[in-house]
Amino acid sequence: DPALSSIADLATSAGGKLARNQQHKLLCAALRTLPVEQQTLLELHYWEGLDATALAEVFDAQVATIRQRLSRARLALKDALAASAGAPLPALATVEDMDTWAKSMAG
């Protein structure tokens with residue numbers, strides 16, 4: 001509705017795209033510091049939208065095991081992001097906030 005929205009609400013500015021690109025690079029750099037299994041687990045979870053059941057099939061493991069591994073990986077990523085310069089502090093307030101932020105980086 002044009003009466004309720006502005007162009008700024010509808011279009012991403014060049015500055016917004018640049019900031020998003022920098023945050024995406026930050027997330028990828030933090031992921032690369034994790035062990036390969038954790039990195040893969042998180043990428044499949046955040047960017048491919050796989051839940052614990054689907055991840056259990058991919059990793060040929062029990063769902064409970066995947067939930068535990070996913071929890072550890074999420075905490076490791078949060079720590080890696082917190083240790084990096086330029087991390088979006090509001091996104092790191094809780095693991096859930098980080099999840100929301102990381103999923104938004106998928107596009």
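Figure 1. Leaving aside neighbours within four places in sequence, Arg74 is in contact with Leu42, Tyr46, Val95, Glu96, Met98 and Asp99. The model shown in this and the other views is a predicted one. Arg74 itself sits in helix α5. Its relative accessible area is 17%, so Arg74 counts as buried, the limit for that label being under 20%.

**Figure 2. The salt bridge of Arg74 with Asp99.** Side chains of opposite charge can pair when their charged atoms come close. Here Arg74 and Asp99 form a salt bridge, and the closest N and O atoms are 2.4 Å apart. The pair links distant parts of the chain, with Arg74 in helix α5 and Asp99 in helix α6, 25 residues apart. Asp99 has a relative accessibility of 10% and therefore counts as buried. Arg74 is buried too, at 17%.

**Figure 3. The salt bridge of Glu37 with Arg69.** How many salt bridges does a search of the whole structure find? The search finds two. One of them is the pair in this view, where the side chains of Glu37 and Arg69 meet at 3.4 Å, N to O. This pair also links distant parts of the chain: Glu37 belongs to helix α3 and Arg69 to helix α5 (residues 63-83), and 32 residues separate them. Are Glu37 and Arg69 buried, exposed or partly exposed? Glu37 is partly exposed, with a relative accessible area of 39%. Arg69 is also partly exposed, at 27% relative accessibility.

**Figure 4. Packing of helix α3 on helix α5.** The two helices pack at an angle of about 95°, and their axes are 9 Å apart. Angles of 65 to 115 degrees count as roughly perpendicular, so α3 is described as roughly perpendicular to α5. On the α3 side, the residues that meet α5 are Glu37, Gln38, Leu41, Leu42, His45 and Tyr46. On the α5 side, they are Ile66, Arg69, Leu70, Arg72, Ala73, Arg74, Ala76 and Leu77. Sorted by class, the contact of α3 with α5 has eight nonpolar, two polar and four charged residues.

**Figure 5. Crossing of helix α3 with helix α6.** The axes of α3 (residues 36-47) and α6 (residues 95-104) come within 8 Å of each other and cross at roughly 75°. That angle makes α3 roughly perpendicular to α6. His45, Tyr46 and Trp47 of α3 make the contact with Met98, Asp99, Ala102 and Lys103 of α6. The residues of this contact divide into four nonpolar, one polar and two charged.

**Figure 6. Surroundings of His45.** His45 lies in helix α3. Which residues does His45 touch, not counting residues up to four places away in sequence? They are Leu50, Leu55, Leu70 and Lys103. With a relative accessible area of 15%, His45 is buried.

Figure 7. In α4 (residues 52-59), the residues Ala52, Leu55 and Ala56 are buried. Why are they said to lie on the same side of α4? They cover an arc of only 105° around the axis, which puts them on the same side of the helix. The cover over the buried residues of α4 includes α3 and α5. Glu57 and Val58 are exposed, and they are carried by the face of α4 turned away from its buried side. Just after the helix, Asp60 takes a positive phi of about 50°.

**Figure 8. Thr53 and Ala64.** Thr53 is found in helix α4. With a relative accessible area of 42%, Thr53 is partly exposed. Thr53 and Ala64 are eleven residues apart in sequence, and their C-alpha atoms are 9.1 Å apart in space.

**Figure 9. The chain as the setting for the close-ups.** The protein chain has six helices and zero strands. From the N terminus on, its elements run α-α-α-α-α-α. Of the 107 residues of the chain, 33% count as buried. Among contacts between residues at least 6 apart in sequence, 51% join residues at least 24 apart.

Note on methods: Residues are numbered from 1 along each chain as its sequence is written. This is a predicted model: local features need pLDDT of at least 70, side-chain atom pairs count only at pLDDT 80 or more; totals for chains, interfaces and linings use all residues. Side-chain values use heavy atoms; hydrogens and water are left out. Axes are lines fitted to C-alpha atoms, for helices over the stretch in contact, and angles run from 0 to 180 degrees between N-to-C directions. Helices (H or I, at least four residues) and strands (E, at least two) are DSSP runs, numbered from the N terminus. Angles under 35 degrees count as roughly parallel, over 145 as roughly antiparallel, 65 to 115 as roughly perpendicular and the rest as oblique. Contact means heavy atoms within 4.5 Å. Ala, Val, Leu, Ile, Met, Phe, Trp, Tyr, Cys and Pro count as nonpolar, Asp, Glu, Lys and Arg as charged, and the others, Gly among them, as polar. Buried means under 20% relative accessible area, exposed over 50%, partly exposed in between (1.4 Å probe, protein chains only). A salt bridge is a side-chain nitrogen of Lys or Arg within 4 Å of a carboxyl oxygen of Asp or Glu. The arc is that of the directions from the helix axis to the C-beta atoms.
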